[in-house]
Amino acid sequence: MPGPRPFGLLLALLCGLVGATPALADPLRPAAVEEASLIRLQDGRTLRLAGIEAPLLQHEEAAAAARRALADLLAGDALVLRPELPRRDRLGRLVAQAFRHSDGLWLQAFLVRQGLVRVDPFSATSSGLLELLSEEELARREGRGLWSHPAYRLRTASPQDLLPWIGSVQVLEGRIMSAGKGRRDLYLNFGGDWQSDTTARIRRQHVSRFEKAGLTAERLSGAKVRLRGWLQSWNGPFLDLSNPLQVEILEEAPATDASQ
């Protein structure tokens, strides 16, 4: 297991990633780890670790392994939090990046790097996601934890690979055959048959965010990408994208000869 990173270095890195960040709060004592992303504090509040997705409780072994690892990390120690904005979720839970008080170990990064949890890119305000995605890439390459689990492994954009996993969050890779705007939204097509092939959609209200991140229709068409999101069935496997961090470009579209 990797050792803890220097606390000051972590904070400097995170501040560089997200600009001005909320100040660190005073140390807090954990009372119990409820799951790999939820910690009950001694003051009665519940902390949700920002930017990560714990294994589903129905996958008992994976969920228990992640919960035990977090409990072991916190045994006899306190937490230092850097709250996210907003500071609470809709259930009233604290939302924060969390660091072990004794040595500054960034809990989210450790759990992701060990393959115990996946990155959750759906919160537009969650900071540090770029580094978490880098940690996740290392865990995936090494087949750690969830990345060897049948329900969580990396998938292709093939409908045959995706259809058994409708109704779950999946990470997939494939080349976008075409990208274009319909009447309102931007569609990313992974095949030529819109009635059966895999498709991703960026709704009109989100298109400008993707374009500001450099994810234009022109750039995406022909690119090899990695997507993550809630997998639905609508004329084949279907993903709705709302955060640019749900899209990672792995290879740019092949260059074309403009003279032809």
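Analyst: Let's start with Arg-45 and Asp-43, whose side chains meet in a salt bridge at 2.7 Å, N to O. A salt bridge here is a side-chain nitrogen of Lys or Arg within 4 Å of a carboxyl oxygen of Asp or Glu. This is a predicted model, where local features need pLDDT of at least 70, side-chain atom pairs count only at pLDDT 80 or more, and totals for chains, interfaces and linings use all residues. Residues are numbered from 1 along each chain as its sequence is written, and side-chain values use heavy atoms, with hydrogens and water left out.

Arg-45 has 31% relative accessibility and Asp-43 has 44%, so Arg-45 counts as partly exposed, and so does Asp-43. The cut-offs are under 20% relative accessible area for buried, over 50% for exposed, and partly exposed in between (1.4 Å probe, protein chains only).

Next, Glu-53 and Arg-118 form a salt bridge at 3.1 Å, N to O. Glu-53 belongs to strand 4 (residues 52-53) and Arg-118 to strand 7 (residues 118-119), 65 residues apart. Both residues, Glu-53 and Arg-118, are buried. Helices (H or I, at least four residues) and strands (E, at least two) are DSSP runs, numbered from the N terminus.

Lys-181 pairs with Glu-211 in another salt bridge, with the closest N and O atoms 3.7 Å apart. Because Lys-181 is in strand 10 (residues 178-181) and Glu-211 in helix 6 (residues 204-212), this pair ties together parts 30 residues apart in sequence. Lys-181 is exposed at 58% relative accessibility, while Glu-211 is partly exposed at 37%.
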